[in-house]
Amino acid sequence: MNDWTDPPGDHRTGQDPRRVPPPSLLAPPPSTRTAPLPGMPSPAVPGRYDSSGHERGRRGGGSRNPRRRAGKGRRFVRTGAVLSTVLLLAGAGTYVWADTRLNQEVDLGTLQGRAQPGQGTNYLVVGSDSREGLSQQDRKDLNTGSTDGRRTDSLILLHTGANGTTMLSLPRDSWVTLPPYVDPDTGRSYPAAPDKLNAAFSLGGPDLLVRTVERNTGVHIDHYAEIGFAGFVGVVDAVGGVDLCLDKAVRDKDSGADLQAGCQTLDGAEALAFVRQRKQEAQGDLGRTRNQQKFLAALARKAATPSTLADPSKSFPTLRAGLDTLIVDEETELPDLMSLFEALRKAASGGGRQLNVPVADPDLRTPKGSAVKWDDRRARALFTALREDRPTG
């Protein structure tokens, strides 16, 4: 029962006199002429009279009607309120949609033998060579090959805390010790053994990769985020390409890179080829991590520009492309992803530190081929600083 339209009480009016609203609420609000929305007809004949019955100011002079100025102010406030409501509703709808698209398939809570939590927040950001979402023609065009499964193409340990943001690249060929693990396909158990960091991802997926990073750095991973080839290409294309200046031409048959020296705009396919190539880099995998950091800085700048954020035709496809192949842990929600992107943007645009793990030998000979040997003393000091949320130098 509606208290205002169907109350008990006075037999003459059908209303409870104790509940009758004051006259100001019963009277209809004064009519106010508002500016029409684009494409809509004007609700009144322009240049005649407003709702107060006073003639509008003429061109020749005379003071403006103060009531007209007040009406104009109300129109601005009303229009602003309507637009704000529309934007909030659109944002809420996008948020709900995006939240349902999150692929939270990694459960960090079940992992055994983990590093103890430290100060600040640590994200492990992985660029994988997963071909999921790519057609056979896409794989041919992007020079990704047809290998099944997924391996790491980039590994970034991102730390945020009281001393700012640190983006630390971990070469995928780093020579590390894999912890004991069980093959998820066969159920066979394997003891701890030295191998390349990339092998952890190939042999045991995100679970073994996180445990391996924690074992060799002592840094507790709070959140995991992984994006595949299709998502990477889609994000770059959605923002309209990324501007990058190259000191030298880049040509690599394996990745398909064929770029001229100088400043240019890379589309998704060209960007993927650039961040994957390493054959012509003097420092191999280390050179590739520097290229990846350079590109991430350029992508973060482009994605965070007002022209991209305020344009739904760019911002929504960018979000959709990123979510299409994104894999995160069960505790990662949209606010965490927003914090991750903001931290990457800050670090990549000069508001934080971009580092490579200290290296003693970039071409260590091992039974598994050439690998990258960390400088144990300097690397240990760096990891301790991250774990304790102290300045990294």
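**Reading helix packing and a sheet**

Tutor: Let's start with a pair of helices: α6 (residues 268–276) packs against α7 (residues 285–303) at an angle of about 145 degrees, with their axes 8 Å apart. Bear in mind that this is a predicted model.

Student: What numbers describe two packed helices?

Tutor: Two packed helices are described by the angle between their axes and the distance between the axes.

Student: Which residues in α6 and α7 meet?

Tutor: From α6 come Ala 271, Phe 274, Val 275 and Arg 276, and from α7 come Arg 288, Asn 291, Gln 292 and Phe 295. Sort the residues of that contact and you get 4 nonpolar, 2 polar and 2 charged.

Student: How do α7 and α10 pack?

Tutor: Helix α10 covers residues 334–348, and the angle with α7 is about 120 degrees, with the axes 8 Å apart. The crossing of α7 past α10 is left-handed. On the α7 side, Leu 296, Ala 297, Ala 300, Arg 301 and Ala 303 take part, meeting Phe 341, Arg 345 and Ala 348 in α10. That contact divides into 6 nonpolar, no polar and 2 charged residues.

Student: Why do residues three or four places apart in an α-helix point the same way?

Tutor: An α-helix has 3.6 residues a turn, so residues at that spacing point the same way. Look at Ala 297, Ala 300 and Arg 301 in α7, which are among the residues that meet α10.

Student: Now the sheet. In what order do the strands come?

Tutor: Read across the open sheet and its 7 strands run β1-β14-β9-β2-β3-β4-β15, with mixed pairing. From one strand to the next, the twist averages 25 degrees.

Student: Why is one side of β1 and of β15 left without a neighbour in the sheet?

Tutor: β1 (103–106) and β15 (353–356) stand at the edges and each has a single partner strand, so one side of each has no neighbour in the sheet.

Student: In what sense do β2 and β9 pair?

Tutor: Parallel: β2 (residues 121–128) and β9 (residues 223–227) pair over 5 bridges. To find the place, look for Tyr 123, which stands opposite His 223 in β9. Helix α4 (residues 197–217) lies across β1, β2, β3 (152–161) and β9, and runs at about 155 degrees to β9.

Student: How many residues of α5 are buried?

Tutor: In α5 (residues 229–238), 8 of the 10 residues are buried, including Phe 229, Phe 232 and Val 236. After α5 comes Gly 240, with a positive phi near 85 degrees.

Notes
Residues are numbered from 1 along each chain as its sequence is written. This is a predicted model: local features need pLDDT of at least 70, side-chain atom pairs count only at pLDDT 80 or more; totals for chains, interfaces and linings use all residues. Side-chain values use heavy atoms; hydrogens and water are left out. Axes are lines fitted to C-alpha atoms, for helices over the stretch in contact, and angles run from 0 to 180 degrees between N-to-C directions. Helices (H or I, at least four residues) and strands (E, at least two) are DSSP runs, numbered from the N terminus. Contact means heavy atoms within 4.5 Å. Ala, Val, Leu, Ile, Met, Phe, Trp, Tyr, Cys and Pro count as nonpolar, Asp, Glu, Lys and Arg as charged, and the others, Gly among them, as polar. Two strands pair if DSSP finds at least two bridges between them. Buried means under 20% relative accessible area, exposed over 50%, partly exposed in between (1.4 Å probe, protein chains only). A crossing is left-handed if the near helix is turned anticlockwise from the far one by less than a right angle, and right-handed if clockwise.
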